Amino acid sequence: EIYFLLQMASSTLLLLLCTLTLCSSLPVPSPDVLAWTKREIGAMFSFDMITMLTNESNTQYFCIGVGGEGGFLPTPELFNPEDLDLDNWVLAAASFGAKYAVLTAQHCSGFSLWPTDVYKATGFNYTYSTTSSFFRGGGYDLVGAFVSACNKRGILPGIYYSLNQNYYLNVAGGKVLNTILVPGQARINQTLYGEIVLAQLGELWTNYGQLAEIWFDGDCKTVPGISQQIAHLQASLQPHAIAFQGCGSNQNNIRWVGTESGKPGYPLWSTAQDCAYGQGSPAGNVFCPAETDTVLAAFDMWFWRPGVPLRDLSDLQQVYYDSVGQNTNLLLNVAPNGTGTVDAEAAQLYAQYGSWIVDCFSKPLLQTSGEGTAFYLSSDTPITFNHVVISEDQTYGETITDFYVAATLSDGIVNVLSGQSVGNKFIRPVQPVTTTNVMLTITSSLSSPNITLFAVYNC
């Protein structure tokens, strides 16, 4: 215990020196971004024309350059998920703890899951949508039904919109291609495409209430000349929405973690230079936390394909450690099948995943919180733990840059783990440790740390 008291004294001195020298001001999150980090888990719903087809290759998403070029455009009449059940979708997300959900309102085929009508704004009749489908009489608003189902279950709705790819309009990388069209594609020019994008975003951001997250796949800056207009439109219509790979200097931008494996490297920082994707940096100039998007199916398969196996629970557990447990949010994919429901096998795995998270992390053996650089957990009787969880208050920025956790054993002190970034949450499974004393020591920080949770678990 003398060792721990000395550590606490030296840590207090470090904190005092930091305060006296006025540690550098840090990038801070907007209130919306800070709230988003605390949600931790979201769901991505991938549903598009590829879902309706069972005889296409696994990579055929009708994205130019991903199996789409030189292929064919499915006719809108093929869109017919006869058993569509949005409550079934949202229940699957809720079962693994999702607090928000993002729908592919328009993926890179260009098919719109709402009855888009941009003719008055653009002079172009956008026919590749539910308006041209016979499903439920034509013109079914799946986006609206999705938002209603989310609101009913207390899950915050979000929208994915592909402006980087649109196979219907022969667009790749945000640019209209001058190539031979396949049947069903429309010939437009670049200026008109920009007008269509702005008009459709206006529809999506106006007609469905407050959105939790707006998702731009492959960046929102790829369409020439309209990124600032997109930023201004969002600021006007959805000022509180989080923007994944958003435009401009939006204070609610977040970044891609840099991999779709679900297993990014450590450390992961809440700050990054100009919100560049990847692991970030403690020296970054923007508070722009990362989101880890990954799939349930094998082979990086985002859309439902018959016969594709699912990842196992142990793999998903590692995803949790590497995403939520490394200071990012987890966006786990849900791929409803062609009839419009979540397969029973997938639904069962989602539920098992959610149960594991709750069972493992709902009851700490010991916990504490507070300001400072040394934190002490003690028990009158020996406890055995195999997980360590640390969280810091990021209201005034991410502060911790180096720390370690130690425990007292019968033969002395043992270091349990060490790390750099903490941020919203740090979770680390460790070999079982039996002890009466556990110590967190912060050896380097950019400002005065405020620990909201230091806890040990056994699960």
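# Report on a predicted single-chain model

Arg 311 lies in the loop that runs between strand S12 (290-294) and helix H9 (313-322). The model described here is predicted. Within it, Arg 311 is buried, because its relative accessible area is 13% and buried means under 20%. The side chain of Arg 311 reaches the backbone oxygen of Ser 261 at 2.9 Å.

## The chain as a whole

The chain has 10 helices and 19 strands. Its radius of gyration is 24 Å, close to the 23 Å that the globule rule gives for 459 residues, so the chain is as compact as a globular protein of that length. Along the principal axes, the C-alpha atoms fill a box of roughly 80 × 45 × 35 Å.

Of the 459 residues, 56% count as buried. The accessible surface comes to about 18,200 Å², and carbon and sulfur atoms account for 53% of this area. Among contacts between residues at least 6 apart in sequence, 75% join residues at least 24 apart. As for charge, the chain carries 17 positive and 36 negative side chains, and the centres of the two sets lie 3 Å apart.

The buried residues of H9 are Leu 316, Gln 317, Val 319, Tyr 320, Tyr 321 and Asp 322.

Thr 328 is placed in the loop between H9 and S13. This residue is buried, with a relative accessible area of 4%. A polar contact of 2.8 Å joins the side chains of Thr 328 and Thr 292. Beyond neighbours within four places in sequence, Thr 328 is in contact with Glu 40, Val 257, Leu 268, Ala 290, Thr 292 and Ser 323.

Val 342 is found in the loop between S13 and H10. Val 342 is likewise buried, at a relative accessible area of 8%. Its contacts beyond four places in sequence are Asn 88, Trp 89, Ala 92, Val 334, Pro 336, Ala 347 and Tyr 350.

Thr 435 lies in strand S18 (residues 426-445) and is buried, with a relative accessible area of 4%. The side chain of Thr 435 reaches the backbone oxygen of Asn 437 at 3.0 Å. Not counting residues up to four places away in sequence, Thr 435 touches Thr 381, Pro 382, Ile 383, Phe 385, Ala 407, Thr 408 and Leu 409.

Val 388 has its place in strand S15. The relative accessible area of Val 388 is 0%, and the residue is buried. Among the residues that Val 388 touches are Val 405, Leu 417, Phe 426, Ile 427 and Arg 428. Phe 454, Ala 455 and Val 456 belong to this list too.

The table sets separation in sequence beside C-alpha to C-alpha distance for pairs that involve residues described above.

| Pair | Separation in sequence | C-alpha to C-alpha distance |
|---|---|---|
| Thr 435 and Ile 383 | 52 residues | 5.6 Å |
| Val 342 and Trp 304 | 38 residues | 9.3 Å |
| Val 388 and Ala 43 | 345 residues | 26 Å |

## Backbone features in loops

A cis peptide bond, with omega of about 5°, joins Tyr 266 and Pro 267. Pro 267 is found in the loop between strand S9 (253-256) and strand S10 (271-272).

Cys 275 has a positive phi of about 65° although it is not a glycine. Cys 275 is located in the loop between S10 and strand S11 (286-287), and it is buried, with a relative accessible area of 19%.

Arg 136 also has a positive phi without being a glycine, with a value near 50°. Its place is in the loop between helix H5 (119-122) and helix H6 (142-153). Arg 136 is partly exposed, with a relative accessible area of 46%, whereas Arg 311 is buried.

Terms used
Residues numbered from 1 in each chain as written. Predicted model: local features only at pLDDT ≥ 70, side-chain atom pairs only at ≥ 80, totals over all residues. Heavy atoms only, no water. Helix = DSSP H or I, 4+ residues; strand = E, 2+ residues; numbered from the N terminus. Rg over C-alpha atoms; globule rule 2.2 N^0.38 Å. Buried < 20%, exposed > 50% of the residue type's maximum accessible area, 1.4 Å probe, protein only. Contact = heavy atoms within 4.5 Å. Areas by Shrake-Rupley, 256 points an atom, 1.4 Å probe, with all protein chains shown as cover. Lys, Arg positive; Asp, Glu negative; His and termini not counted. Charge placed at Lys NZ, Arg CZ, Asp CG, Glu CD. Polar contact = N/O pair within 3.5 Å; in protein donor to acceptor, adjacent residues only side chain to side chain.
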